[in-house]
Amino acid sequence: MNGRQNSRPTLEQVAARAGVGRGTVSRVINGSPRVSEQTRAAVARAVAELGYVPNQAARALAGSRTDAVALVIPEAEARLFAEPYFLDLIRGVGVGLAEADKQLLLTLVRSEQERQRFEQYLAAQRVDGVLLASVHGDDPLPDRVRELGIPVVMNGRRSEAEPVPYVDSDNIGAGRAAVAHLVGRGRRSIATVTGPLDMYVARARLGGYRAGLAEAGHEPDEGLVAAGDFTEEGGRRAMRGLLARRPGLDAVFAASDVMAAGARAALREAGRRVPEDVALVGVDDSPVARLMDPPLTSVRQPIEEMGRTMARMLLDDVAGTLEDAPRRVLPTELVVRGSC
């Protein structure tokens with residue numbers, strides 16, 4: 001097996017050997033009737049040849065499902081409770097799991113040591129599935145969960161070619177809609193405050209911003225792009241940098257409402273009025289947007305719906321009825337308020 005003789009066979013390797021998808025293997029292992037006898041036999045041969053141990057099936061046959069699902073957020077407590085996004089996501093996941101009488105275990109993974117400890121917890125078969133949010137591009141945890149044979153669904157994705165099932169929103173469309181609105185309001189020097197660019201969500205919103213400028217015939221200017229980190233302080237720092245480089249800017253697209261609040265504070269410090277001098281747009285349509293002065297125009301993403309959809313997909317995977325590598329991308333919507 002190309003140097004992997006001593007490693008534990010994965011569900012993906014079984015699927016490749018049998019010539020089927022990962023979801024099909026999961027359905028066979030869980031006894032789903034939605035599989036032909038020919039496919040069932042091919043999967044059984046692959047399991048035997050590779051020596052695959054189907055942990056999920058073993059738990060089911062032993063009647064020892066935990067009825068618990070872990071929601072993993074690799075962020076510090078300060079960010080978890082400061083950002084309405086996470087609270088809305090948890091609410092949606094909780095509703096989806098409650099409908100199936102599943103217990104939600106909220107887990108914060110903030111360091112490599114905590115990640116390893118969580119992997120040990122998973123290896124002990126203490127949850128039926130895992131939901132992952134705020135995953136960065138180099139995070140190995142989604143792949144490690146799958147290697148353990150545990151169903152997993154992500155909120156967002158690590159790249160355009162994400163192999164793990166996920167639920168996302170139209171982040172490229174969010175950036176394009178924000179820029180189109182600002183251009184329509186006559187703004188000419190439109191800046192952006194991005195999220196951390198090791199996250200696909202931040203790169204996608206930046207890509208939407210650039211696409212929106214190109215569609216409007218605006219020349220790209222990298223001096224109008226400032227990196228943030230999805231925090232209020234990050235938005236404040238990025239806005240100060242933008243004003244120093246491009247003092248004549250007249251609009252800002254911030255990749256989150258929380259960063260927009262930080263940008264608003266920096267603009268006020270610099271004596272710039274919103275929207276008279278600088279128009280401002282955020283993303284999330286959170287309570288932060290509605291409570292700002294003036295209220296923030298924001299691109300709404302259906303956060304609670306994403307949480308509910310994640311929960312339903314995971315429960316289908318636990319039951320062995322999930323389609324292979326499903327992807328759900330939910331639409332976004334611009335909500336216009338007083339900031340532009």
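Where in the protein does Ser134 lie? Ser134 is in the loop between β3 (129-132) and α8. This is a predicted model, in which local features need pLDDT of at least 70, side-chain atom pairs count only at pLDDT 80 or more, and totals for chains, interfaces and linings use all residues. Residues are numbered from 1 along each chain as its sequence is written, and side-chain values use heavy atoms, with hydrogens and water left out. The protein has 14 helices and twelve strands; helices (H or I, at least four residues) and strands (E, at least two) are DSSP runs, numbered from the N terminus.

**Overall build**

- The C-alpha trace spans about 70 × 35 × 35 Å along the principal axes of the protein.
- Of the 340 residues, 54% count as buried. Buried means under 20% relative accessible area, exposed means over 50%, and partly exposed lies in between (1.4 Å probe, protein chains only).
- The accessible surface comes to about 14300 Å², and carbon and sulfur atoms hold 50% of that area. Accessible areas come from the Shrake-Rupley method with a 1.4 Å probe; for residues, only the protein chains shown count as cover.
- Among contacts with a separation of 6 or more, 71% are between residues 24 or more positions apart. A contact means heavy atoms within 4.5 Å.

**Charges and salt bridges**

- The protein carries 44 positive and 45 negative charges, and their mean positions are 1 Å apart. Lys and Arg count as positive and Asp and Glu as negative, while His and the chain ends are not counted. The place of a charge is taken as NZ of Lys, CZ of Arg, CG of Asp or CD of Glu.
- Side chains of opposite charge can pair when their charged atoms come close. A search of the whole structure finds 31 salt bridges, each defined as a side-chain nitrogen of Lys or Arg within 4 Å of a carboxyl oxygen of Asp or Glu.
- Glu37 and Arg40 form a salt bridge, with their closest N and O atoms 3.7 Å apart. The two are separated by about one helical turn because they are three residues apart in helix α3 (residues 37-50). Glu37 counts as exposed at 59% relative accessibility, whereas Arg40 is partly exposed at 22%.
- Glu119 and Arg115 meet in a salt bridge at 2.3 Å, N to O. Both lie in helix α7 (residues 112-123), four residues apart, which is about one turn of the helix.
- Arg144 counts as partly exposed at 31% relative accessibility, and Glu119 counts as buried at 12%.
- Elsewhere, salt bridges that share partners join Asp229, Glu232, Glu233, Arg236, Arg237, Arg240 and Glu269 into one network.

**Surroundings of Leu249**

- Leu249 sits in the loop between α11 (232-245) and β8 (251-254). Leu249 is buried, with a relative accessible area of 2%.
- Leaving aside neighbours within four places in sequence, Leu249 is in contact with Ser189, Ala191, Leu224, Met239, Leu242, Leu243, Arg272, Asp277 and Val278.
- Leu249 and Ser159 are 90 residues apart in sequence, and their C-alpha atoms are 31 Å apart in space.

**Backbone features in loops**

- The peptide bond from Val274 to Pro275 is cis, with omega near 10°. Pro275 is in the loop between α12 (257-269) and β9 (279-284).
- A cis peptide bond also runs from Asp293 to Pro294, with omega near 0°. Pro294 is in the loop between α13 (287-291) and β10 (297-300).
- Ser134 has phi near 55°, a positive value in a residue other than glycine. Ser134 counts as buried at 8% relative accessibility.
- Asp285, too, has a positive phi near 55° and is not glycine. Asp285 lies in the loop between β9 and α13 and is buried, with a relative accessible area of 9%.
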